[in-house]
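Reader: Could you take me through one spot in this model, close up? I'd like one residue and its surroundings, told in one go.

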Amino acid sequence: MEKYCPQELEKKWQEQWDKDGIYTTINNVPGQKKYYVLEMFPYPSGNLHMGHVRNYSIGDVIARFKRMQGFNVLHPMGFDAFGMPAENAAIKHNVKPADWTYANMDNMIRQQKQMGLSYDWNRLVQTCHPDYYRWTQYLFEVFYKKGLAYKKKATANWCDSCKTVLANEQVIEGRCWRCDSPVIKKDLAQWFLKITDYADTLLKDLDKLPGWPNRVKTMQHNWIGRSEGAEIIFNIPNFKENVTVYTTRPDTAFGITYMVLAAEHPLVDKLIKGRPDEAQIRDFIKRVHNQSEIERTSDKSEKEGMFTGAYAINPFNGAKIPIWIANYVLFEYGTGAVMGVPTHDSRDWMFAGKYGLDKKIVITDKEGKLTLDAMTDAYVDDGVLVNSGEFSGMNNRKAIPAMIDWLEKNKCGKRRINYRLRDWLISRQRYWGAPIPVIYCEKCGTVLVPEKDLPVRLPKDVKFDPGVVSPLAHSESFVNCTCPKCGGPAKRETDTMDTFICSSWYYMRYADAKNDKAPFDKDIVDSWLPVDQYIGGIEHAILHLLYSRFFTKVLKDAGLINFDEPFTNLLTQGMVIKDGSKMSKSLGNVVSPEEIIGKYGADTARLFILFAAPPERDLEWSDQGVEGAWRFLNRVWRIILHFAEEIKENKTTDVSLLTAKEKELRRVLHLTIQKVTDDIAARSNFNTAISSIMELVNAFYTSRDEHLQAGLINETATDLLLLLAPFSPHITEELWHKLGKTGSIHKAAWPKCDHSATVADEIEIVVQVNGKVRDKLKISSQTSRDDLKKQASELPHIKELTNGKNIIKIICVPQKLVNIVIK
RNA sequence: GCGGAAGUGGCGGAAUUGGCAGACGCGCUGGACUUAGGAUCCAGUUCCCCGUGAGUGCAGGUUCAAGUCCUGUCUUCCGCACCA
């Protein structure tokens with residue numbers, strides 16, 4: 001028998017598929033329903049890792065399955081090709097970022113082709129290509145024209161290793177998401193996208209995404225961080241100023257004993273000017289402002305504050321309260337000023353305790369026995385208002401709207417909804433990104449580069465040296481230009497865009513990847529999108545997935561598209577780990593996909609990675625598991641070739657002539673069809689789909705010597721190959737042709753379950769006594785309930801157990817079990 | 001602290017609607033074939049005091065019946081974290 005040799009046959013079929021263009025997708029095929037399956041495109045680091053292999057294997061199974069089910073499937077691939085590593089390579093190895101990036105992409109495409117993935121390569125998208133970033137710039141201008149892009153001076157997160165600023169979403173526990181260096185604060189004029197305008201929609205529309213994991217939705221929910229509360233305006237009589245605080249607990253307002261401003265609050269300067277301790281306070285402010293994210297949020301960092309010497313008036317009761325400055329108040333959130341209620345807020349309790357500030361109880365527990373002396377921490381539960389003027393006696397929850405009404409009536413406050421989400425900082429002081437298409441003219445101010453002049457191309461005369469900030473600023477040919485409005489001398493913006501902008505719309509570009517008149521044609525995009533199934537890592541739960549939702553909503557409002565959520569179903573795959581931790585160079589536990597494919601072939605690699613764990617869970621790499629997958633494919637190879645002669649007769653099964661054993665094999669076959677179809681389509685449980693195919697193969701082996709009907713052999717072999725085709729596309733294609741079948745197996749129709757074949761004549765019923773299995777009963781599946789009860793209770797072993805006991809009742813679950821309850 | 005997910009054999013994992021716990025694979029044990037096998041095929045493999053036994057992190061509860069539902073609790077992982 002010919003040996004299974006994947007190295008030869010995989011290459012052969014990859015070339016054949018390419019030649020025949022069997023994965024080329026045509027837009028809008030009449031009579032076919034569309035299905036868009038997409039894996040998150042990779043950063044072109046140079047080599048595929050196992051995480052990629054897992055990601056693409058999952059997507060490819062779905063794509064192939066849907067194609068066989070008759071859908072018109074869009075399954076494209078591309079590269080998120082801008083970003084820091086290309087620049088680092090330029091600095092380190094003196095190669096141009098473009099050369100490095102394109103060489104890496106070529107290599108990764110070669111590796112992807114080696115995996116036998118069914119992409120339509122005609123739709124390849126590379127975000128660093130001028131034909132793509134031209135439209136990224138165009139979309140920036142769409143945002144700008146809608147007032148959703150603006151430049152402002154702000155305290156930004158700065159990564160001193162990457163020499164650039166970062167968006168909030170890109171700071172992970174005080175560190176840079178890419179290089180893990182500590183993030184520091186820096187005041188810079190930066191471009192922002194107004195994602196906060198969409199905070200409420202982004203939050204509410206999470207409900208429109210039943211196909212997303214709850215985990216991701218919860219994370220986005222928390223990230224957006226909506227809270228309902230009130231603004232309260234406090235007068236500062238000595239300075240003729242007002243300060244507004246934001247609070248979610250206006251019901252505690254009579255308990256305010258102090259107020260705290262953020263160090264950056266604009267009023268601070270005025271309040272402390274000329275005070276004897278002004279210098280000390282300014283030192284304190286400076287220190288707080290320069291505190292890194294890590295210092296600020298570490299558990300050890302104490303709440304620290306200083307008194308400004310000024311007092312504000314509580315509008316509710318006229319109380320005079322001291323104004324403090326403290327490190328725990330964030331300028332960016334709310335109004336940058338908070339009220340202090342030590343008795344009903346734990347943080348305030350600690351702060352007041354440390355600095356000896358007053359405490360006043362305004363909410364009491366059910367017994368009304370709350371006393372300051374007995375308290376060891378703030379009382380944050382609900383209760384009844386006391387010491388609260390006209391509101392005393394009210395339930396505190398009910399007092400909240402009442403007290404806000406009072407504020408509005410007396411013009412010293414109002415209702416307010418607040419979000420934790422901040423605007424998206426998109427400027428990057430780097431070279432390898434899409435230039436922000438803006439020109440600064442002394443006469444005309446900020447001017448957009450006219451559409452006809454796009455793209456603003458990256459210059460080639462750039463030197464890469466370590467530590468250089470904004471390489472574009474050093475390129476005179478780039479910076480100096482003429483104003484599009486007045487024709488006078490002007491300067492270009494030298495920042496580039498966050499690469500997350502490029503990846504916020506690439507999935508739309510695939511639909512119409514070669515359009516040179518627009519980012520895409522509206523009708524074509526609307527015909528393909530939203531993406532039916534998106535697959536990627538959980539690490540993008542907030543970042544890419546939130547940004548993409550935002551882009552989709554803005555582009556819809558701009559009339560460019562007609563859908564408001566980009567991804568209908570989301571599958572977040574787990575990591576590939578080895579020896580208990582994530583594969584990484586530093587741990588030396590990396591397994592190279594190319595090596596595995598070289599040794600066993602892509603079919604084995606794909607099969608193992610899909611079989612070893614369900615997709616959402618982390619997957620422990622196992623060399624022995626790979627051997628198992630390899631053995632299984634060899635088993636398939638041998639059993640199919642064993643029956644080659646019978647199969648070539650190409651007969652259909654004559655159901656009327658089947659023996660009992662043949663019937664059983666055919667039953668297993670059709671149960672497998674049902675199970676595999678359900679596992680792929682409804683559950684994305686590829687591991688159990690594969691295990692049931694293995695069971696089918698085992699059953700085929702078991703009945704190998706039964707002189708099976710040629711029709712049944714043909715049916716079993718054909719359907720087996722079809723079921724396995726999405727997982728291991730090469731071996732199934734090879735066997736398909738060896739058996740004399742015509743056309744590509746990947747163009748064939750998915751097998752249908754014959755439900756009449758899945759019914760067993762005789763079934764086994766479990767017989768329990770008091771819930772414990774005591775016997776089993778083989779009966780016809782047609783047996784009536786009463787008959788079943790009777791037969792079960794008359795089993796000799798059961799009779800022994802029930803003899804002399806009272807039978808209280810008999811539970812009967814059809815097709816499954818009988819439970820006799822005795823006493 | 002808040003929010004989320006998960007705890008099942010030696011290992012990866014299965015049990016979809018409350019109905020035989022451990023499918024499938026790995027590993028291990030034995031057999032067959034063989035000059036030989038680390039190939040292949042077949043069989044066995046939760047544990048123990050080996051029976052009317054125990055068993056899905058732990059302690060309770062509901063039910064004829066619980067890995068699955070309820071209450072409490074422990075552990076691990078992940079996300080957010082002075083957000084007022």
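Author: Let's start with a contact: a polar atom of the His-344 side chain sits 3.1 Å from the backbone nitrogen of Val-362. A polar contact here is a pair of N or O atoms within 3.5 Å; within protein, one must be able to donate a hydrogen and the other to accept it, and residues adjacent in sequence count only if both atoms are side-chain atoms. The side chain of His-344 also reaches the backbone nitrogen of Ile-363, again at 3.1 Å.

Before going on, a word on the ground rules. This is a predicted model, where local features need pLDDT of at least 70 and side-chain atom pairs count only at pLDDT 80 or more, while totals for chains, interfaces and linings use all residues. Residues are numbered from 1 along each chain as its sequence is written, chains are lettered from A and ligands numbered from 1 in the order in which they are written, and side-chain values use heavy atoms, with hydrogens and water left out.

Where does His-344 sit? In the loop between β15 (337-340) and α11 (346-355); helices (H or I, at least four residues) and strands (E, at least two) are DSSP runs, numbered from the N terminus. His-344 counts as buried because its relative accessibility is 4% (buried is under 20% relative accessible area, with a 1.4 Å probe and protein chains only).

As for neighbours, leaving out residues up to four places away in sequence, His-344 touches Arg-249, Thr-252, Lys-360, Ile-361, Val-362, Ile-363, Ala-378, Tyr-379 and Val-380, where contact means heavy atoms within 4.5 Å. On confidence, chain A averages a pLDDT of 92, and 99% of the residues score at least 70; pLDDT is the predictor's confidence in each residue, from 0 to 100.

Conventions: Buried means under 20% relative accessible area, exposed over 50%, partly exposed in between (1.4 Å probe, protein chains only).
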